[in-house]
Amino acid sequence: MALRVALTGEVGIEAAGGWVDTTGLGRLGRVAFAYLVYNRDRPVPRHELAEVVWGEDLPRTWETALRVVASKLRTWLEGAGLGRAEALTSGFGTYQVHLPPDAVVDVEEARAALQAAAAALAAGDAAAARASATAAEQIAARDFLPGATGTWVERRQDDLRELRVAALEVMAEATLGLGDLGAAVAAAERAVGLEPLRESAHLLLVRARAAAGNRAEALRAYERLRRALGEELGVSPSE
C-alpha cells in the first residue's frame, strides 16, 4: 500500500499501519508539515518556514520555537511509520521532508486528476473526463488545513477553490456531452455558486439549461450573470 498524505479534510498520513491524524502536532505543526510536504523537492530555509508558520507574529525566539515544532513533527512522522531522522532532515539552516517515491499527496492527486480530465475531454472521451473531474472535485471540496490560518494557507485554499471550480466545469461539459442534462445543470450550478462572476461557468449553465429544453431558465441564468457583472464590476457579459 502506497503511503497517502492528506492535507485536506482530516489531515494526516495513511500507511500500512493505518491512519495517523495530525491532532498531536497542533496548528503550528500542521502548517509546518503541509508547507514542507508542498516543498519537499528542496531544503526549506528555517526563516522561510518560520514566516509561514507564524506570519507577522514571528516570536523573538523563533529559532528555538521552530526547533520545538520540528521535534514534534519528527516524533509524529515516526509514529506514522516513517524514520524519525530520515523523514525530516536538517542542515545548514534548512529543513526538508522526505516521503517515499510512490507517496500520494491528495492536493497533487487532485491537480493530476484535473489535468487528466481536461485531456480526456479534449480527446473526446467524455466518460473518462467526467470520472477524472469528479475525482478532482471530491478532493478539492474538502477544506485545506481546516482551522489553520495565515497567508500561505489562504493562498492554498484559494488555489483549491479554483481547482474545484475548474473540475466542476469539466464535469458539466463532459456530462453535457453524455446527455445527462440534469447532472450537467447541477455541476454548472455548483460552479456558479462558488464563483458568481465566472463567465465560463455561467455559459455552461446556460448551455445545459438550453439543452434540457428550458429556454426560460437559460435566459434567467444569463440575466443572473449580467446583473452580477454589472453590480460588482460595472461591465457586461462578453459576446
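Mentor: Before we start, the expected span of a helix is 1.5 Å times one less than its number of residues. Keep in mind that this is a predicted model.

Trainee: Thanks! What span should helix α7 have, then?

Mentor: Helix α7 covers residues 151-177, which is 27 residues, so it should span 39 Å. Its end C-alpha atoms are 39 Å apart, which agrees.

Trainee: Which salt bridge does E195 form?

Mentor: E195 pairs with R161, with the closest N and O atoms 3.3 Å apart. E195 sits in the loop between α8 and α9 and R161 in helix α7, 34 residues apart.

Trainee: What about R198, which side chain does it meet?

Mentor: R198 meets E162 in a salt bridge at 3.0 Å, N to O. R198 also forms one with E169, where the closest N and O atoms are 2.9 Å apart. That pair again links helix α7, which holds E169, to the loop between α8 and α9, which holds R198.

Trainee: Is R198 buried or exposed?

Mentor: R198 is buried, because its relative accessible area is 18% and buried means under 20%. E169 is buried too, whereas E162 is partly exposed at 37%.

Trainee: Switching topic: how much space lies in the largest pocket?

Mentor: About 230 Å³. Its lining includes R27, W54, D57 and W152.

Trainee: Which element gives the largest share of that lining?

Mentor: Helix α2, with four residues.

Trainee: Last one: which residues make the nonpolar surface patch?

Mentor: L197, L233 and V235 make that patch, about 240 Å² of it. L197 is in the loop between α8 and α9.

Key:
Residues are numbered from 1 along each chain as its sequence is written. This is a predicted model: local features need pLDDT of at least 70, side-chain atom pairs count only at pLDDT 80 or more; totals for chains, interfaces and linings use all residues. Side-chain values use heavy atoms; hydrogens and water are left out. Helices (H or I, at least four residues) and strands (E, at least two) are DSSP runs, numbered from the N terminus. Patches are made of residues with over 30% relative accessible area and no salt bridge: like charges are joined within 9 Å, nonpolar side chains (Val, Leu, Ile, Met, Phe, Trp, Tyr) within 5 Å. Accessible areas come from the Shrake-Rupley method with a 1.4 Å probe; for residues, only the protein chains shown count as cover. A salt bridge is a side-chain nitrogen of Lys or Arg within 4 Å of a carboxyl oxygen of Asp or Glu. On a 1 Å grid over the protein atoms alone, a cavity is a set of points where a 1.4 Å probe fits but cannot get out, and a pocket is an open set with protein on both sides within 12 Å along at least five of seven lines; lining residues have an atom within 4 Å of a point. Grid points are joined across faces, edges and corners, and a volume is the space filled by probe spheres set on the points. Buried means under 20% relative accessible area, exposed over 50%, partly exposed in between (1.4 Å probe, protein chains only).
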